[in-house]
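Me: I have a protein on the screen and would like to go through it with you. Could you take my questions one at a time?

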Amino acid sequence: MKHRRMQQLFHWGLSALCLVCLRAPVFAQAQNSESDGHHHHHHRGLHRIEHIVFIVKENRTFDNYFGTFPGADGATCGEIHTGQTIPLSRQPDRLGHDIGHSFNDAVTAINGGLMNQFDLISGGGDLSGYSQYLEEDIPNYWAYARYFTLADAMFSSLTGPSFPNHLYTVGAQSGGAINNPSSGGVWGCDSPVGATVQVMDDQGHITRVYPCFDFTTLADRLEEAGISWKYYAPGMGQSGYIWSAFDAIDQIRNTPLWDEKVVSDTQFEADALNGDLPAVSWLVTGSGKSEHPPSSTCMGENWTVQQLNAVMQGPLWRSTAVFLTWDDFGGFYDHVPPRHVDGFGLGPRVPFLIISPYVKHGHISHTEYEFSSVLKFIEERFGLAPLTERDSLANDLLDSFDFHRRPLRPLILEPRNCSGAADAPTREAEDPD
C-alpha cells in the first residue's frame with residue numbers, strides 16, 4: 001500500500017512538472033544579435049587566440065544533455081504526436097539501439113516547428129528519444145558548462161544526419177547532400193563505384209550523386225593563407241572513418257594534403273601536450289568514444305576529458321579556444337523549433353561548450369549559433385573571406401568571450417569509472433535514405 005502511494009505521488013509529481021517543463025525560448029533567433037560596437041569591442045582581444053580546436057561528437061540534443069541545467073533553456077517533458085505531454089525518461093549510459101535521424105526523420109520530428117513527432121521516426125516508437133541525462137550521469141560535461149560557457153541556442157546546420165552536418169563543419173555547406181551515403185563504411189571520395197548520396201537543389205529537387213565534392217572549404221582558405229591546420233580523425237578501416245569529413249572533399253582527399261594534414265585522432269593528445277597543435281584543428285573519433293548510441297556515454301565523456309586535459313596541461317592553453325559540439329540530433333527530443341534559414345536547415349539544437357581562458361566564466365549564451373558560427377570565428381581571427389552565405393550571416397561566437405578579464409585557469413578533470421560498461425560498436429551504415 002505504501003509502495004503504491006509512493007508511485008502515485010511520483011506520477012502526480014511528474015504530471016505537475018510537465019505543466020511547466022516546456023517554456024518559451026529565452027534567446028532571440030536573429031540573423032545577427034551583435035551591434036557593431038559590441039562586435040568590435042571583442043575583436044580587440046581576438047589576437048590572443050592563436051589555436052582553435054573544433055571537436056565534433058555524435059548524436060545528442062541540448063535537452064538530452066542539458067535539459068535540466070540551471071538557467072538554460074531546457075525541457076524535462078515533451079509532446080508526442082497525439083498531443084500528449086510526457087516526462088523525459090532518465091536515459092541509461094547505453095541506450096541499447098540507435099534512433100533514426102535521417103533528413104526525413106528530422107523533418108518528421110520537427111513537424112513544422114511543433115517539435116511533437118519524435119515518436120514517429122524510425123526506432124522512436126518506444127519513446128526512447130524522449131529521454132535525457134542528469135548532472136550525475138555526465139558530471140564532467142556539466143563541470144565544463146558551469147566553469148566555461150554553455151550555449152543553449154546552438155543548432156545543427158542541417159535538418160538531418162552525420163554526413164552532411166560534418167561537411168558543414170568544414171565548408172559551411174554540404175554540397176547539397178541531405179543524407180548519409182549508401183556506401184556503408186566509407187562515405188567519401190574512396191567510396192566504391194556505384195555509391196551515391198541524396199542531394200537537394202534550392203528548389204527542393206532530390207537526385208543522387210557520387211559522395212565526392214569539390215566545393216571550397218575552410219581548409220582551402222587556410223592553405224591559401226599559409227595558416228597551419230590538421231584534421232584529426234580515425235583512418236580507413238577504423239571505426240569513425242565515416243565521420244572524417246575531408247574524405248568527401250576531392251581537392252583534399254586526392255592530393256598530398258590528405259597524407260600531410262589529415263592525421264589519426266590518437267595523435268591529438270600528444271600534439272596538445274607537446275605544444276604541436278596547428279592554428280586550426282578539427283577532431284572526431286570512433287564509435288566507442290563518440291557517444292553515438294548504443295555506445296557508452298560515460299566512455300565518450302572520458303575520451304573528451306582526456307583530450308581537454310591534454311590541451312589544458314600543454315603549453316598552448318593560454319592561446320587556445322576549444323569548441324565542443326555534437327553533429328546532429330540523433331533522434332532525441334528537443335523542444336526548441338529551429339529557425340528555417342534555407343531548405344537545408346537549421347536542424348534541431350545540439351549541445352555546445354566553449355572552452356578557453358577567455359570565455360565568460362559560468363556563462364550561458366542565448367545567442368543563436370550553428371556550425372558555421374565556428375567557421376566564422378576562425379575566419380575573423382585569421383582574416384579569411386566567408387565561404388557561403390551561411391558563415392557570412394552566422395553569429396560569430398564573440399559575445400561569449402571576454403578578453404579584458406583575467407584568463408581562466410585550466411579545469412583538469414578526472415575520467416570516471418564507467419563500471420566496466422562494455423562498449424557496443426555503432427552500426428555505421430545508419431540512416432538509410
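Me: What is the mean pLDDT of the protein?
Reply: This is a predicted model, and its mean pLDDT is 90. A value of 70 or more is reached by 87% of the residues.

Me: Where does pLDDT stay under 50?
Reply: One such stretch is residues 1-16, for which the model has 2 contacts beyond four places in sequence. Another is residues 421-433, with 43 contacts of that kind. Where pLDDT is low, the predicted coordinates should not be read in detail.

Me: Turning to the inside, which residues touch the most other members of the largest nonpolar core?
Reply: That core has 105 residues, and those with the most contacts to other members are Phe66, Tyr144, Phe148, Tyr231, Phe246, Trp282 and Phe323. Beyond its neighbours within four places in sequence, Phe66 is in contact with Tyr141, Trp142, Ala145, Leu150, Pro351 and Leu353. A separate core of 15 residues includes Ile86, Leu95, Phe118 and Tyr333.

Me: Is Ser157 buried or exposed, and why?
Reply: Ser157 counts as buried because its relative accessibility is 0%, and the cut-off for buried is under 20%.

Me: What does the side chain of Ser157 reach?
Reply: It reaches the backbone nitrogen of Phe371, at 3.3 Å. Not counting residues up to four places away in sequence, Ser157 also touches Glu370 and Ser372, and its other contacts include Asn165, Tyr168, Phe344 and Arg390.

Note on methods: Residues numbered from 1 in each chain as written. Predicted model: local features only at pLDDT ≥ 70, side-chain atom pairs only at ≥ 80, totals over all residues. Heavy atoms only, no water. Core = buried A, V, L, I, M, F, W, Y, C linked by side-chain atoms within 4.5 Å. Buried < 20%, exposed > 50% of the residue type's maximum accessible area, 1.4 Å probe, protein only. Contact = heavy atoms within 4.5 Å. pLDDT = per-residue confidence, 0-100. Polar contact = N/O pair within 3.5 Å; in protein donor to acceptor, adjacent residues only side chain to side chain.
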